[in-house]
Amino acid sequence: DDHLVVVNKRPGVLAVPLERHPDAPSVAALLEQRYRSHGKRRPLVVHRIDQDTSGLVIFAKDADSARVLTAQFRRREPLRQYLAVVHGRPEPPAGTWRDWLVWDPKALLQKPAAPRARGAEEAISGYRTIEPLRGAALLEVRLTTGRRNQIRIQAALRGHPLVGERRYGADTRHADRIRFERQALHASRLEIVHPGGDRMAFDAPVPPDFASLVARLRPRVPRSV
């Protein structure tokens, strides 16, 4: 509309350009090209998700809308819901993950930290198991905080790294048990308050690769004799 753009980002595409990946496509660059061709200003990023994570990202069409929306994210007001396929089956099947993390700018990784460590930030996620799978589980995860790579590291810290994960927990006993070309994470639902005041909810269906993974891991039903 006149205030915002919501995009269902496909995996492999950056949300915004990165200096270390100058040739990689990004949603921000694609939107800039599209709106520039119509003589309009480029949309402004409100939040972002990882390159190999699929799903919903939001951009503002003007500075006032950007301020309103980014302020909501700073106050942790939007509902940010993800679907994830993890190795193993978390116990209990539902609960809350709480960790203190610090970002390592050299390694480009989140690392667990003591609460009073320099740069440490609290990470909080609520999760529940939607469906047990063969050697894995399909989870719904809701972010309370929004740290970089938050779901990826929190799942790995509990011995249940995301299927396809190559940075966090890839060296655990689950590594290479289930083949997938990216971390199995999808930003499926986003709820915000529109700059005009109305509450809005957006849902994005999982992409084909994610749907195929879940179907492949569903327990086989024995044939009747």
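I looked up arginine 76 and placed it in the loop between α2 and β4, taking helices (H or I, at least four residues) and strands (E, at least two) as DSSP runs numbered from the N terminus. The model is a predicted one, in which local features need pLDDT of at least 70 and side-chain atom pairs count only at pLDDT 80 or more, while totals for chains, interfaces and linings use all residues. I number residues from 1 along each chain as its sequence is written, and side-chain values use heavy atoms, with hydrogens and water left out.

Backbone entries. I noted that phi of arginine 76 is near 65°, a positive value in a residue other than glycine, and that arginine 76 is partly exposed, with a relative accessible area of 43%; here buried means under 20% relative accessible area, exposed over 50%, and partly exposed in between, with a 1.4 Å probe and protein chains only. Leucine 108, in the loop between β5 and β6, also has a positive phi, near 60°, and I found leucine 108 partly exposed, at 23% relative accessible area. I then checked the peptide bond from glutamate 91 to proline 92, which is cis, with omega near 0°; proline 92 sits in the loop between β4 and β5 (94-104). For context, most residues other than glycine have a negative phi, and most peptide bonds are trans.

Two buried glutamines. I found glutamine 81 in strand β4, buried with a relative accessible area of 9%. Its side chain makes a polar contact with the side chain of arginine 142 at 2.8 Å, a polar contact being a pair of N or O atoms within 3.5 Å, of which, within protein, one must be able to donate a hydrogen and the other to accept it, and residues adjacent in sequence count only if both atoms are side-chain atoms. Glutamine 110 belongs to strand β6 (residues 109-112) and is buried at 7%. I recorded 3.1 Å between a polar atom of the glutamine 110 side chain and the backbone oxygen of arginine 148. Leaving aside neighbours within four places in sequence, glutamine 110 is in contact (heavy atoms within 4.5 Å) with residues including Trp103, Arg148, Asn149 and Tyr168.

Core entries. I asked which residues of the largest nonpolar core touch the most other members. Leu31, Phe59 and Tyr82 do, in a core of 25 residues, where a nonpolar core is a set of buried Ala, Val, Leu, Ile, Met, Phe, Trp, Tyr and Cys residues joined through side-chain atoms within 4.5 Å. Among the elements that each supply at least two residues of this core are β1 (4-9), α1 (27-36), β3 (54-60) and β9 (185-193). Apart from this core lies another, of 13 residues, among them Leu83, Val163, Phe210 and Leu213. Not counting residues up to four places away in sequence, tyrosine 82 touches, among others, Ile49, Leu139, Ile151 and Leu185.

Pocket entries. I read a volume of about 1300 Å³ for the largest pocket. Its lining has 44 residues, of which Arg48, Ile49, Asp50, Arg148 and Asn149 lie nearest its centre; on a 1 Å grid over the protein atoms alone, a pocket is an open set of points where a 1.4 Å probe fits, with protein on both sides within 12 Å along at least five of seven lines, and lining residues have an atom within 4 Å of a point. The elements giving two or more residues to this lining are α2 (63-74), β4 and α3.

Technical notes: Points joined across faces, edges and corners; volume = space filled by probe spheres on them.
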